Amino acid sequence: MKKASEKCTALVLGGGAARGIAHIGALKVLKRHKIEFDMVVGTSIGSIAGAVYALGASLKAFEDIALSTTWKDLADFALSKTGFLEGRNLERIIEKVTENKGFEDTKIPLAIVATDIENGEEVVVTSGNLARAIRASCSIPGIFIPARVNGRLLVDGGLRSTVPSSVAREMGAGFVIAIDVGYCVRKGRISNIFQVLFQSIQIIGSELNKHERSTSDVVIEVPLGEDIDQMAFDKAAEIIKAGEDAALKSMPEITAKMKKQGLL
């Protein structure tokens, strides 16, 4: 663990699949208000948004891709014992969003959080193939085939860390702003294996969030209802707007706390 620096500010982006599209709206507001960070830590879809921010890539291009992407665009079915989807379509979208750049191209340090499915350990990736690391962090277990990264078999970072503020602290962050898009535990009849898998992840994620958020100085909480689940790519515009509204609501708290710490 690095010694925390009061002047080191981290942006932490949580998981949530389609709900994580809200990160786009929140990032637009943070940029507009000139809130700057010394590092970015992301898990699952938060790793995509985090990479875009850390690279200085186009948020507008990311938004355009999010608005046009559907669940079918991700569906590349595979005959495998470890997942239904190959994940190559997902990786292509990631490459497009990140402009085919790598960790070495980031303007500020970037950490991608994933889970080693073979031993259960949390894995923090800061080098190597960026698109591959993000793809691994987004790989919902049982749905996507796990990705081999730096010799380890990795899946969704949200299994271990839904809002990885603790990772930012371990990397030396003294002030942490986290974006939490929440999880969608639905009440109703479960009728197929996909619903079983997704509902299980929602239950685990919602419980983890209660603990993970506590290590942040400010949490931008995006209030997405039960009608917006992890597969609601068709509601991207609404989700982005919700992220923007949540960040605007949090700006007074952000500026007040950062000024108090001498960070603005």
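**Figure 1. Helix α1 passes helix α3 in a left-handed crossing.** A crossing is called left-handed if the near helix is turned anticlockwise from the far one by less than a right angle, and right-handed if it is turned clockwise; helices (H or I, at least four residues) are DSSP runs, numbered from the N terminus. The structure is a predicted model, in which local features need pLDDT of at least 70 and side-chain atom pairs count only at pLDDT 80 or more, while totals for chains, interfaces and linings use all residues. Residues are numbered from 1 along each chain as its sequence is written, and side-chain values use heavy atoms, with hydrogens and water left out. The axes of α1 (residues 22–32) and α3 (residues 59–68) come within 10 Å and cross at roughly 160°, where axes are lines fitted to C-alpha atoms, for helices over the stretch in contact, and angles run from 0 to 180 degrees between N-to-C directions. That angle makes α1 roughly antiparallel to α3, since angles under 35 degrees count as roughly parallel, over 145 as roughly antiparallel, 65 to 115 as roughly perpendicular and the rest as oblique. On the α1 side the contact (heavy atoms within 4.5 Å) is made by I24, L27, K28 and K31, and on the α3 side by L59, F62, E63 and A66. These residues divide into five nonpolar, no polar and three charged, where Ala, Val, Leu, Ile, Met, Phe, Trp, Tyr, Cys and Pro count as nonpolar, Asp, Glu, Lys and Arg as charged, and the others, Gly among them, as polar.

**Figure 2. Helix α1 also packs with helix α2 (residues 45–55).** Two packed helices are described by the angle between their axes and the distance between the axes. For α1 and α2 the angle is about 30° and the axes are 10 Å apart, and the two helices are therefore roughly parallel to each other. Their crossing is right-handed. From α1, the residues H23, L27 and K31 meet I45, G46, A49 and Y53 of α2, and by class this contact holds four nonpolar, two polar and one charged.

**Figure 3. Helix α1 is largely enclosed by the rest of the structure, because eight of its 11 residues are buried.** Buried means under 20% relative accessible area, exposed means over 50%, and partly exposed lies in between (1.4 Å probe, protein chains only). The buried residues of α1 are A22, H23, I24, G25, A26, L27, V29 and L30. H23 has 0% relative accessibility and so counts as buried; leaving aside its neighbours within four places in sequence, H23 is in contact with L13, G14, I45, G46, A49, I179 and V181. I24, also at 0% relative accessibility, counts as buried, and, not counting residues up to four places away in sequence, I24 touches L59, F62, E63, A66 and I240. Although I24 and A242 are 218 residues apart in sequence, their C-alpha atoms are 9.9 Å apart in space. After α1 comes K34, whose phi is positive, near 60°.

**Figure 4. Helices α3 and α9 pack at an angle of about 140°.** Their axes are 8 Å apart, and the helices are therefore oblique to each other. E63, A66 and L67 of α3 make the contact with A236, A237 and I240 of α9, a group with five nonpolar, no polar and one charged residues.

**Figure 5. The largest nonpolar core has 74 residues.** A nonpolar core is a set of buried Ala, Val, Leu, Ile, Met, Phe, Trp, Tyr and Cys residues joined through side-chain atoms within 4.5 Å. Within this core, L11, I21, L30, I177 and I254 touch the most other members, and the largest share of the core, nine residues, comes from α9. Leaving aside its neighbours within four places in sequence, I254 is in contact with L30, I35, I177, V218 and I220. A second, separate core of 13 residues includes C8, V41, V163 and A178.

**Figure 6. S250 is found in helix α9 (residues 236–260).** With 9% relative accessibility, S250 counts as buried. Apart from neighbours within four places in sequence, S250 is in contact with V219 and I220.
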